[in-house]
Amino acid sequence: MPFYDAHNHLQDERFTDRAEIVAAAAREGVVRMVVNGSCEEDWPLVRELAQQFPQVLPSFGYHPWYLRERRADWQRTLIEFLESVPSAVGEIGLDHWKPGLPYDGQEEAFVWQLRLAAERNLPVSIHCLQAWGRLHELLRDHPRPAGGFLLHSYGGSREMVAPLAALGAYFSFPGYFMHERKARQRETFGAVPLDRLLIETDAPDQLLPDEMNRFPLHDANGRAINHPANLAAVYEFMAKERGMPPEELAQRIGENFRNWFVGWN
């Protein structure tokens, strides 16, 4: 079965042998992974990975955690990266959760990048923590890509699923939500329409429960990190949650992914 990772960060410095990581994921059936840049510093490596590995679909954007690092010409630089290789926009978003993170400037940067994605009809991957109401307002009131947008590791309420889906949202489920304590998030994903469901690893973050982690991996300091090859386990878990044969779910997710990445095989 072909598997599609809707969101990860293969460029993260915690990965020490990316060639073997990609090879292991490919052996598990991972045919595409969206690798999301977070700031100007890591965009070059994201592009390099896309040129090195055919499985990688690059995405370039300014994550709200790194907005204070922006250079004066960051918008021009972002456009240059988007034009240098077929790519998506992201990871962009809003964050009211991270301690000490200023909110000033987040909406301006988010709306500009969202508009850029809409103008070029590029896939866009969105981060949101504790700002779901405001995110919905901005998505409702500004241009959006015709192909829709991804709410990565969706953590909003069940009640917001329908209005966000009506605006074009896809919702990606991470392995971290497989933890027993994440029952509310799993219940929320029960409301996600099947044609709006995607699956992600967010590797190297969002570790699976230990008993489901088939690819234990550690960074150079010995800390456990998530392996992209764990994607298959997340698919299997979601198939059980949905009461579907794994092959049927994989086919549906593949269709959703290709609809989001319009024209990408």
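Buried means under 20% relative accessible area, exposed means over 50%, and partly exposed lies in between. Keep these cut-offs at hand; the model is a predicted one.

**Exercise 1. The cysteines**

Task: Decide whether Cys39 is buried or exposed, and find how many disulfides the structure has.

Solution. 
- Step 1. Cys39 has a relative accessible area of 7%, so this residue is buried.
- Step 2. Cys128 is at 5% relative accessibility and therefore also counts as buried.
- Step 3. A disulfide is a covalent bond between the sulfur atoms of two cysteines.
- Step 4. The count requires two cysteine sulfur atoms within 2.5 Å. The search of the whole structure returns zero disulfides.
- Step 5. Cys39 is in none, and its nearest cysteine sulfur belongs to Cys128, 20 Å away. Seen from Cys128, the closest cysteine sulfur is that of Cys39, and 20 Å is too far for a bond.

**Exercise 2. The sheet**

Task: Work out the order of the eight strands, and say which strands stand at the edges.

Solution. 
- Step 1. Strands of a sheet pair through backbone hydrogen bonds, either parallel or antiparallel.
- Step 2. Here the pairing is parallel, and the open sheet runs β1-β2-β3-β4-β5-β6-β7-β8.
- Step 3. The edge strands are β1 (3–8) and β8 (197–200). Each has a single partner strand, so one side of each has no neighbour in the sheet.
- Step 4. From one strand to the next, the twist averages 30°.
- Step 5. Met33 has Val56 of β3 as its bridge partner.

**Exercise 3. The salt bridges**

Solution. 
- Step 1. Side chains of opposite charge can pair when their charged atoms come close. The cut-off is 4 Å from a side-chain nitrogen of Lys or Arg to a carboxyl oxygen of Asp or Glu. By this rule there are 14 salt bridges.
- Step 2. Arg14 and Asp12 qualify, with their closest N and O atoms 2.9 Å apart. Arg14 is partly exposed at 25%, while Asp12, at 18%, counts as buried.
- Step 3. Asp205 also meets Arg14, at 3.0 Å from N to O. Asp205 sits in the loop between β8 and β9 (217–218), Arg14 in the loop between β1 and α1 (18–27), and the two are 191 residues apart.
- Step 4. Compare Arg120 and Glu83, at 3.1 Å. Arg120 lies in helix α4 and Glu83 in helix α3 (residues 74–84), so this pair ties together parts 37 residues apart in sequence. Glu83 is exposed at 55%.

**Exercise 4. A lysine without a partner**

Task: Find which side chain of opposite charge is nearest to Lys182.

Solution. 
- Step 1. Lys182 is placed in the loop between β7 and α7 (183–189).
- Step 2. Lys182 is buried, yet has no salt bridge.
- Step 3. The nearest side chain of opposite charge is Asp202, 12 Å away.

Note on methods. Residues numbered from 1 in each chain as written. Predicted model: local features only at pLDDT ≥ 70, side-chain atom pairs only at ≥ 80, totals over all residues. Heavy atoms only, no water. Pairing = 2+ DSSP bridges. Helix = DSSP H or I, 4+ residues; strand = E, 2+ residues; numbered from the N terminus. Axes fitted to C-alpha atoms, helices over the stretch in contact; angles between N-to-C directions. Buried < 20%, exposed > 50% of the residue type's maximum accessible area, 1.4 Å probe, protein only. Lys, Arg positive; Asp, Glu negative; His and termini not counted.
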